[in-house]
Amino acid sequence: MTTHATLAPSAPASATGLPSGARRTAARKAALHWIAVHALGIAAALFFVLPFVFVFLTAVMSDNQALTRDLWPRTWEWGNFGTVWDTPGFLTWWRNTLLYAGLGTVLTVVSSTPVAYALAKFRFRGRNLSMMLVISTMMLPPQVVIVPMYLFWAKQLHLSGTLWPLIIPMAFGDAFTIFLLRQFLLTIPKEYTDAAKVDGCGELRTMLRVVLPMAKPAIAAVALFQFFYCWNDYFGPQIYASENPAAWTLSYGLESFKGAHHTNWNLTMAATVLVMAPVIVVFFFAQKAFIEGVTLTGVKG
Amino acid sequence: MSTVHPMLRAKRRREALRTLAFLSPWLIGFSVFFAYPLVSTVYFSFMKYDGFTAPTWNGLKNWSYVFSDYPFFWPALRNTLWLVVVMVSLRVVFGLGIGLLITKIKTGAGLFRTAFYLPYLAPPVAATMAFAFLLNPGTGPVNHLLGSVGLPTPGWFNDPSWSKPALTLLALWGIGDLMVIFMAALLDVPKEQYEAAELDGAGPWSRFRYVTLPNISPIVMFSVVTGVIQTMQYYTQPLVAGKVASGIIGGSGQQFEPGYPEKSTLTLPQLVYNLGFQRFDTGSACVIALVLFALSMAFTALLMRRRSGFLTAED
């Protein structure tokens with residue numbers, strides 16, 4: 001198998017009529033190159049994968065063994081996952097996380113799309129300024145405005161101890177989503193929107209019927225990003241929900257879980273696995289959209 | 001000059017209203033959830049306010065407190081500087097390396113790519129807890145492995161001189177986003193340039209130096225500046241690492257002196273939380289928030305300069 005793969009690149013060399021000695025050297029060089037690259041790849045893969053493996057192995061160890069330096073479980077305690085699942089609060093955190101991430105994602109995409117569309121397709125005075133403001137807010141740490149925001153939600157609307165202060169703002173556009181969608185919409189040729197307008201479509205219809213169907217991959221990408229932003233968010237729930245455990249999310253609850261069970265590393269790691277699992281499952285189903293989204297972040301359209 | 005046809009004027013007004021309608025979610029969001037609180041942050045930075053009794057004028061006292069008496073500010077700024085220099089540069093170099101590697105892998109490329117990308121998706125709290133366990137000086141598997149081959153076994157998150165390297169390791173583990181960005185940029189380098197370089201007898205290093213690097217430099221610049229901005233926001237990982245390593249019992253009402261061990265994992269965002277939400281010193285928390293604002297804006301301005309290659313999709 002190895003030789004097949006390595007000899008393949010040398011085929012063009014024979015076509016150019018190189019002497020057989022040179023061809024052999026080239027083949028050997030290609031083989032060495034293949035081995036070096038894949039050895040390096042495996043070493044790197046170990047660095048990225050081993051942490052998951054160790055976390056998983058510890059998650060299925062017994063309480064006592066988790067306190068030792070053993071790497072391989074002596075008995076496989078699958079019940080640890082059940083214990084975590086039945087921990088008071090865990091299901092509530094799960095539900096809250098789904099609510100925050102689900103509702104947050106829908107609201108963000110729906111409210112950001114028209115903004116991105118206007119910034120990509122309309123020409124108006126202040127368009128560049130708007131774009132600069134979008135990027136600036138995207139780059140700012142959430143801590144910059146958190147103190148007055150907390151006072152606003154807690155003192156004026158009495159909504160602290162709930163996730164609403166995190167969800168409601170998402171109905172008013174998200175800078176990162178707007179930016180990413182706008183970059184994608186710029187790549188859709190003007191001819192399509194012009195043709196729609198010749199056919200008598202207004203801007204709203206053009207956006208909904210012509211442009212958005214073409215932007216499905218970008219919308220999938222921003223939806224995934226937003227979903228995981230909410231899923232992973234620690235700071236927001238800490239600010240608004242920390243006083244009320246019934247409003248905690250998985251990310252926030254997970255950290256206190258360690259406290260609830262002191263140094264029960266096996267249960268802590270079992271909980272960690274359960275929090276990571278949905279992310280990994282979704283990634284396998286939506287790989288392409290993820291990769292496209294990340295590429296879009298860094299590379300011009 | 002001012003003789004615009006009435007029909008044209010009506011059309012322009014219609015267009016302006018339409019633009020406004022499309023932008024309205026963001027215009028409202030920006031004003032209510034950003035512009036107004038930002039102004040309030042400036043206001044509160046000059047007020048004495050504990051969140052309960054009415055705010056009173058405090059002049060520059062919050063500012064002088066933060067800069068000269070608050071013992072956490074300078075360590076946090078120094079840590080940020082450390083992380084900016086070491087973590088950001090290592091992430092860019094390592095991300096580029098992994099990006100280059102993945103473009104060279106011919107067999108099982110999809111499998112490798114998935115393996116390299118997955119850690120980026122791990123929730124930060126979960127990833128940090130996993131690393132706190134893996135790097136636990138006593139029972140963690142990493143020191144177990146290091147010890148068994150006779151290498152030194154550092155204290156990682158429990159040793160002030162190793163806590164930031166441990167955070168850096170965690171950040172390198174989550175390199176997936178940079179890998180994909182660099183991979184896309186590397187695949188975009190015109191093949192002819194490599195062929196031409198090869199004809200001129202350029203070795204692998206010269207090809208990288210004179211063909212690859214100039215072609216991807218906008219993306220390198222982009223990742224450096226966004227890396228710096230991300231570091232300004234670095235919050236969850238250092239906080240959770242400090243909490244878990246110190247063995248503190250988490251949850252509500254728990255006071256945690258941030259930066260364990262010995263302020264080595266302090267970052268500026270943690271100070272906003274510490275001052276504003278644990279010590280109820282709203283004014284000083286707002287001073288830190290404004291410092292964060294100024295620093296991030298400076299780097300954002302750098303990012304928006306055309307030379308950085310960002311925003312090049314202008315029409």
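Phe299(B) sits in helix 13 (residues 282-304) of chain B; helices here are DSSP runs of H or I with at least four residues, numbered from the N terminus. With a relative accessible area of 25%, Phe299(B) is partly exposed, a class that lies between buried (under 20%) and exposed (over 50%), using a 1.4 Å probe and protein chains only. Apart from neighbours within four places in sequence, Phe299(B) is in contact with Val225(B), Val228(B), Ile229(B) and Met232(B), contact meaning heavy atoms within 4.5 Å. The C-alpha atoms of Phe299(B) and Ile229(B) are 6.7 Å apart, although 70 residues separate the two along the chain.

This is a predicted model, in which local features need pLDDT of at least 70 and side-chain atom pairs pLDDT 80 or more, while totals for chains, interfaces and linings use all residues. Residues are numbered from 1 along each chain as its sequence is written, chains are lettered from A in the order written, and side-chain values use heavy atoms, without hydrogens or water.

Between the chains, 105 residues of chain A are in contact with 104 residues of chain B. Together the two chains bury about 9,000 Å², 77% of it on carbon and sulfur atoms; buried area is the accessible area (1.4 Å probe) lost when two parts are put together, summed over both. Phe48(A), Arg69(A) and Met139(A) supply 8% of the area that chain A buries against chain B, more than any other three residues.

A salt bridge is a side-chain nitrogen of Lys or Arg within 4 Å of a carboxyl oxygen of Asp or Glu.

| Pair | N to O distance |
|---|---|
| Glu255(A) and Lys243(B) | 3.0 Å |
| Glu203(A) and Arg18(B) | 3.6 Å |
| Lys190(A) and Asp194(A) | 3.6 Å |

Lys243(B) lies in helix 11 (residues 236-246) of chain B and Glu255(A) in helix 15 (residues 250-260) of chain A, so this pair joins two chains. Both Lys243(B) and Glu255(A) are buried. Glu203(A) is buried at 13% relative accessibility, whereas Arg18(B) is partly exposed at 26%. Salt bridges with shared partners link Lys197(A), Glu203(A) and Arg18(B) into one network. Lys190(A) and Asp194(A) are four residues apart in helix 11 (residues 190-198) of chain A, about one turn of the helix. Lys190(A) is exposed at 56%, and Asp194(A) is partly exposed at 34%.
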